[in-house]
Amino acid sequence: MQNILDHLKSSQDTALGELCDFLRIPSISADSKYAGDMHRCADWVMASMKDAGLKAQIFPTKGHPIVYGERIQDPKLPTILVYGHYDVQPPDPLDLWTTPPFEPQVRDGKLFARGATDDKGQLFTHLKSIAAWVKLNGQLPVNVKVLIEGEEEVGGVNLDHFLETHGDLLKADVAVVSDTSQYGDGIPAITCGLRGIVAAEIRLKGPSKDLHSGIYGGSIANPVNALAKMCGKLIGDDGRVQIPGFYDDVLELSALEHEQYAQLPFSESHFLNEVGSSATFGETGYTTLQRRTARPTCDINGIFGGYTGEGPKTIIPSKAIAKITCRLVPVMKPTKVLDALEAFLRSHCPPGIEFEFKRFHGCEAFVFDPTSEWLAAARKAVETAFGQPPVLVREGGSIPVVLSFKQILGIDTLLLGWGRNSDNLHSPDEHIHVQDFHRGTLASACLWAELAKVVK
Ligand code: BES
Ligand code: MN
Ligand code: MN
């Protein structure tokens, strides 16, 4: 084991250089202009898997390709399914990046590029640790199956179809995903819960064309006024979602969970500094950390309609659009939440406005069994590499594949995040701390050894 860690330490610069090559490919799944780059990126991942000693291939889908590689040492050993995503969020707004998003650069110990932490930098740690084991020991102490997809950031449905049709190929004892964060500066974490999500779009149509607001104003409903009014009713002054029945299926935190939350260090001022706000706001009766990770939300992600250019324009616009997501906690059901959201908004729609409600992807929340032996093994690996035992925390974000692994393949997922929430995920100047990339690689190398000891 020590020889592997030593090798990883002495080849850190090479690994970082390879990560930069990975980051130079603009694998933006949301934008069809980049379809060619998505293929180029999938090829890059496959080559890197082969380099690491995996038998690898590309599976085309109706959307972006899936890359799969495996190394089966011995059917008697535990089999670990590693998942990551090679697609990234669009880099916009471009003018807020200090250096271009697909020209990786190290500054102040951080590597800046779109995808640096979400998720190329994190998933690459596993390929490097596997490569080191194979190179130095000629084999791994576990069987690994590595699944890297290209549609995570767009909530693609093709991966679920792949899971449903490749159950035998993907058969494993537990999954490992590095696509979450550490708890804080120097405090590693194993994420034991994720929020679920539902997404929708509301389209309101009023008059068949924009109208002069002097000639017609006051005589018909204005769709932008209507949209603002219905959206304004979603959240109360107490920060609670006003949709009837919204909290019906919410499991309250247990006394033990309240105690665990209270034991985690949390600085309100440090948090405000991280997000760049002057005050926190949320549901009465819960702490900031609880609101962010264990309580459901309803947020408008974008709202548009009417004239948004320079100067005034006196019109009654003909349309208005809003995009909304809700984050879910156990045991809320996505369809039930969408039904309630739609009914609530519809009930506030004035006459003369046509109401359209479009539904997107969704998934339930996830919680990990805290008594699992896989979890105990992962804790040891993280502690060895980070020099500190990890805390167990819930996170506010969503990783739908974790639910799919549970529901389709019947396995649990260890969420081992090496990055930080302050790494600007989905935002300009995304980065990963170079140190986090390296210790993530070491933790991954230790992980295979620890998971090998679990009696399945
Ligand atoms: N890696 C994130 C999720 C994440 C980040 C979870 C940090 C916990 C901590 C993932 O790539 C992501 O952005 N997920 C989306 C899911 C959506 C597109 C269905 C999200 O949470 O918005
Ligand atoms: Mn991610
Ligand atoms: Mn993401």
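Student: In which loop does valine 331 lie?

Tutor: Valine 331 lies in the loop between β13 (319-328) and α10 (334-347), where helices (H or I, at least four residues) and strands (E, at least two) are DSSP runs numbered from the N terminus. This is a predicted model, in which local features need pLDDT of at least 70, side-chain atom pairs count only at pLDDT 80 or more, and totals for chains, interfaces and linings use all residues. Residues are numbered from 1 along each chain as its sequence is written, chains are lettered from A and ligands numbered from 1 in the order in which they are written, and side-chain values use heavy atoms, with hydrogens and water left out.

Student: What omega does the cis peptide bond from proline 330 to valine 331 have?

Tutor: Omega is near -5° for the bond from proline 330 to valine 331, and the peptide bond from aspartate 92 to proline 93 is also cis, with omega near -5°. Most peptide bonds are trans.

Student: Which protein atoms are the donors of the manganese ion (ligand 3)?

Tutor: Asp118 (OD), Glu153 (OE), Glu153 (OE) and His426 (NE2) lie 2.1 to 2.6 Å from the ion, so they qualify as donors, which are N, O and S atoms within 2.8 Å of the metal (3.2 Å for Na, K and Ca), although water is not among the atoms and sites may look incomplete.

Student: Why is the site of the manganese ion (ligand 3) called irregular?

Tutor: The six donor atoms there make angles of 54 to 155°. Six count as octahedral if opposite donors are over 155 degrees apart and all others between 65 and 115, whereas four count as tetrahedral with all angles between 85 and 135 degrees, or as square planar under the octahedral limits, so an angle of 54° leaves this site irregular.

Student: What links the manganese ion (ligand 3) to the manganese ion (ligand 2)?

Tutor: Aspartate 118 bridges the two ions, which lie 3.6 Å apart.

Student: Is glutamate 153 buried or exposed?

Tutor: Glutamate 153 has 15% relative accessibility and therefore counts as buried, the cut-offs being under 20% relative accessible area for buried, over 50% for exposed and in between for partly exposed (1.4 Å probe, protein chains only). Histidine 426, at 41%, therefore counts as partly exposed, while aspartate 108, at 75%, counts as exposed.

Student: What phi does histidine 426 have?

Tutor: Histidine 426 takes a positive phi of about 65° although it is not a glycine, and aspartate 108, likewise not a glycine, has one of about 55°. Most residues other than glycine have a negative phi.
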